[in-house]
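Take a first walk through this structure.

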Amino acid sequence: MSLKEKGFATRAIHNERHEAEYGALTFPIYQTSTIVFDSAEQGGRRFALEEGGYIYSRLGNPSTTYLQEKLACLEGTEAALVLSSGMGAIGTVFMTALNEGDHVISDKVIYGCTHSLFEHHLPRFGIEVSFVDLTNPEEVKAALKENTKIIYCETPANPTLKIIDLEWVAKFAKEHNLMSVVDNTVATPYCTRPKEFGIDVVVHSATKYLNGHGDVIAGAICGDADFILKCNLEGQKDITGSVMSPFDAFLINRGLKTLEVRMERHCANAQAVAEFLETHPAVAKVYYPGLKSHKDHEIAKKQMNDKYSGLMAFELKGGYDAAKNLANSVKVFKLAVSLGDCESLIQHPASMTHSPYSKEDRIAAGIDDGLLRASIGLENVEDIIEDLKVNLDKLI
Ligand SMILES: Cc1ncc(COP(=O)(O)O)c(C=O)c1O
């Protein structure tokens, strides 16, 4: 039985290609910028891609390769590439795949800096992006142009936990010869493997659950070997230069070993917190795909394997002032952006992660002034709920 056929936790812990120098259990950190060639001829052959092997760590390094093989095995893709941030991964995909004059269709609910890339920066290079509601097929069809090349979304989307039907997106992309790209940061491959629904390319902010310990900024691209090689040798090497350090690769590899157990706890804690919030009189609305009240709970159930990750958003009856009071008074939650860490985190998307949106676009995306986003951590759930309850009770 090959590693690919084994369970998720086994794949997250092992790598069959691990060569245990000195019998080391843990894959070493190859903290080197360059690689010594045996001969001038060998160096020439490597640059000409006639011979495998390393050259220089902007092109690849054993520590990052080790992590890439694991990520591909977890996402079920042929290959993966790791980068120095999630934005580095997204920028590298678009810079590699697109040319001046191309067009992109994106859902309107996406991470704030990705929105800024699409809204302000890709147009500077002659690439136009249409923001639509990907749950509305008519709107997507109307946005399609002759020069459309990519269809893009996050699911669950940051910060409203909007769910997009990946099977539909993949089918639409195939019918119209588009590349489908999905940001799988929130779900992680533990809850959703977009490739299984026919999605071409998966991007990650590995800063979040994949690493899981709040001590690294990192990204990843997973997809077919040809496209990943192109991202490596063109987008990453020559354009973005977004390279992961060997030490960060080591930390993420260590984080991955506990991804399954961490995700189980994140999912269970978040489900309990979302159910509690729904019953509290100070709360107006809770957005969590594991709740039956979520608009697309049934699609989430199908494509998230009945595991809904640890991110949620909610609105309070007292609006922005109540949201601010809660964020300023909680103690177990830390008032910080990012998500997927051991610590529970709370933040205000309108003024923080999604502040790059214009007010008009933000409201159209459902990111209201009173919305709070919470990343539910791995603390004891009673303590998380108590922290919310004590401070919500003050708002009644
Ligand atoms: C869904 C999503 N994608 C991409 C990013 C960007 O990742 P990074 O901060 O690692 O560049 C973030 C960051 O918060 C995110 O939440």
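In which loop is Leu161 found? Leu161 sits in the loop between β4 and α7. Keep in mind that the model is predicted. Leu161 is not a glycine, yet its phi is positive, at about 60 degrees. Is Leu161 buried or exposed? Leu161 counts as buried because it has 28 C-beta neighbours inside 10 Å, and the cut-off for burial is 20 or more.

The loop between β4 (148-154) and α7 (166-175) also holds Pro156. A cis peptide bond joins Thr155 to Pro156, with omega about -10 degrees. Pro159 lies in the loop between β4 and α7 as well. The peptide bond from Asn158 to Pro159 is cis, and its omega is near 15 degrees.

Now turn to another loop, between α12 (297-303) and β9 (311-316), where Ser309 has its place. Ser309 has a positive phi of about 65 degrees, although it is not a glycine. Ser309 is buried, with 29 other C-beta atoms within 10 Å.

Leaving aside neighbours within four places in sequence, Gly366 is in contact with Val109 and Thr160.

Step back to the domains. The domain assignment gives domain 1 (16-256) and domain 2 (259-393). The C-alpha centres of domain 1 and domain 2 lie 26 Å apart. Their contact takes 30 residues from domain 1 and 37 residues from domain 2. On the side of domain 1 that touches domain 2, α5, α8 (188-191) and α10 each supply at least two residues. The largest share of that side, four residues, comes from α5. By class, the residues of that side of domain 1 are 16 nonpolar, 11 polar and three charged.

Look at α5 itself. Which residues of helix α5 (residues 112-121) are buried? They are Gly112, Thr114, His115 and Phe118. Seen down the axis of α5, these buried residues fall within an arc of 160 degrees, so they line one face of the helix. The buried residues of α5 pack against α4 (86-97), β2 (103-107) and β3 (128-132).

Helix α10 (residues 246-256) is mostly covered, with eight of its 11 residues buried. Among them are Phe250, Ile252 and Leu256. The cover over the buried residues of α10 includes α1 (8-13), α3 (62-75), β1 (79-83) and α11.

The largest nonpolar core has 109 residues. Ala80, Val82, Val93, Val169, Ala220, Ile221 and Met312 touch the most other members of this core. Helix α11 (residues 259-279) gives the most to the core, with seven residues. The core draws at least three residues from each of domain 1 and domain 2. Ile221 shows what such contacts look like. Of the 14 residues around the ligand, Ser85, Gly86, Tyr111, Ser205 and Thr207 come nearest. By class, the shell around the ligand has four nonpolar, eight polar and two charged residues.

How values were computed: Residues are numbered from 1 along each chain as its sequence is written. This is a predicted model: local features need pLDDT of at least 70, side-chain atom pairs count only at pLDDT 80 or more; totals for chains, interfaces and linings use all residues. A residue is near a molecule or strand if its C-beta atom, placed from the backbone, lies within 6 Å of it. Ala, Val, Leu, Ile, Met, Phe, Trp, Tyr, Cys and Pro count as nonpolar, Asp, Glu, Lys and Arg as charged, and the others, Gly among them, as polar. A residue is buried if 20 or more other C-beta atoms lie within 10 Å of its own, exposed if 12 or fewer, and partly exposed in between; C-beta atoms are placed from the backbone. The arc is that of the directions from the helix axis to the C-beta atoms. Two residues are in contact if their C-beta atoms, placed from the backbone, lie within 7 Å. A nonpolar core is a set of buried Ala, Val, Leu, Ile, Met, Phe, Trp, Tyr and Cys residues joined through C-beta atoms within 7 Å. Domain bounds come from an automatic or database domain assignment.
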